[in-house]
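Work through the exercises below with the sequence and the model open side by side. Each task is followed by a worked solution.

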Amino acid sequence: MSTHASDPLAALGSLPGVADSVDSVRKAVDRVYGHRVMRRRSNEITAEAALRGSRGSAALSGADWALEEVRRRTDFSADAEARTLGAALRLTAECGQLLSIWRQSPVRVLARLHLVAEGQPVDSTGRPRQAGETVDEPLIEAPLPAPAEVSARLDGLAELIIAGGDAPALVTAAVVHGELLALRPFTSRNGLVARAAERIVLIGSGLDPKAICPAEVGHAELGRAAYVAAFEGYLSGTPEGMAAWIAHCGRAVELGVRESTAVCEALQRGAA
């Protein structure tokens, strides 16, 4: 993050176009929460959003499976793609259990997310990578920060989250997501962890308390190329680049809203 304001996250909210993205997301979320199906069957919408969000996050990490295949499959250990899908599903399920801890100890939550994603603990699981350790994250090819920088920036990010502030939920979620992609603090599964952390912020902030607006769906729908291009804007640290990344994350949330709205409509018609 390039800004040095007393509240860097709030300062990002004043970048050109960001307020429009925040307002557009808020209105979209309010609309789906106001759907009549949500009054009676919100638990079903939440469960379906979790499944679809997991599928979307896994797709960005190279396991692009049809939704019905994800729904049908019970064994996620057969090969690398299946393990990626399994990791995404476990992470989504875990997010709701970590909301209260996130505001007190974000680094602890990130360690837990990595442990959950890996499933089978090894020496490097659940801790920031050390000197000489490699990172398996094929989608992100940006230069890898050194472990000392990772540690310092994770501490800085944690301080911002614990301090709170006036930044909109979308801005905070986008920065958490972007910073974790930039740092790739673990030896594996960093993309999945970054998107799970984004989910935690969106839910825990009160923007999406029932977890029915899966940004992961939108990130996948916008495509891997657009995701990487927007992330490069975050990496640039320029106001324009940061604003473009936040707008991309906002569009992803809106597409997640659209997905859940379609689920609501299908339930209303009795088709799901």
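A residue counts as buried when its relative accessible area is under 20%, and as exposed when that area is over 50%. The model used here is predicted.

**Exercise 1. Decide whether phenylalanine 231 and tyrosine 234 are buried or exposed.**

Step 1. Phenylalanine 231 has a relative accessibility of 2%, so it counts as buried.
Step 2. Tyrosine 234 has 4% relative accessibility and therefore counts as buried.

**Exercise 2. Find which members of the largest nonpolar core touch the most other members, and list contacts of valine 253.**

Step 1. The largest nonpolar core has 81 residues.
Step 2. Those touching the most other members are Trp102, Leu110, Leu113, Trp245 and Val253.
Step 3. Leaving aside residues up to four places away in sequence, valine 253 touches Val25, Val29, Leu170, Leu202, Cys213 and Ala215.
Step 4. As background, nonpolar side chains in soluble globular proteins tend to be buried together.

**Exercise 3. Describe the volume and lining of the largest pocket.**

Step 1. The largest pocket holds about 290 Å³ of space.
Step 2. Its lining consists of 18 residues; Arg103, Gly164, Thr172, Val201 and Ser205 lie nearest the centre.
Step 3. Two or more lining residues come from each of helix 6 (99-102), helix 8 (147-163), helix 9 (169-183) and helix 10 (190-204). Helix 10 gives the largest share, three residues.
Step 4. By type, the lining of the largest pocket has 10 nonpolar, five polar and three charged residues.

**Exercise 4. Do the corresponding analysis for the second largest pocket.**

Step 1. The space in the second largest pocket is about 190 Å³.
Step 2. Residues lining the second largest pocket include Ser61, Thr84, Glu118, Asp136, Glu137, Arg189 and Leu192.
Step 3. Sorted by type, the lining of the second largest pocket has three nonpolar, four polar and four charged residues.

Key: Residues are numbered from 1 along each chain as its sequence is written. This is a predicted model: local features need pLDDT of at least 70, side-chain atom pairs count only at pLDDT 80 or more; totals for chains, interfaces and linings use all residues. Side-chain values use heavy atoms; hydrogens and water are left out. A nonpolar core is a set of buried Ala, Val, Leu, Ile, Met, Phe, Trp, Tyr and Cys residues joined through side-chain atoms within 4.5 Å. Buried means under 20% relative accessible area, exposed over 50%, partly exposed in between (1.4 Å probe, protein chains only). Contact means heavy atoms within 4.5 Å. On a 1 Å grid over the protein atoms alone, a cavity is a set of points where a 1.4 Å probe fits but cannot get out, and a pocket is an open set with protein on both sides within 12 Å along at least five of seven lines; lining residues have an atom within 4 Å of a point. Grid points are joined across faces, edges and corners, and a volume is the space filled by probe spheres set on the points. Helices (H or I, at least four residues) and strands (E, at least two) are DSSP runs, numbered from the N terminus. Ala, Val, Leu, Ile, Met, Phe, Trp, Tyr, Cys and Pro count as nonpolar, Asp, Glu, Lys and Arg as charged, and the others, Gly among them, as polar.
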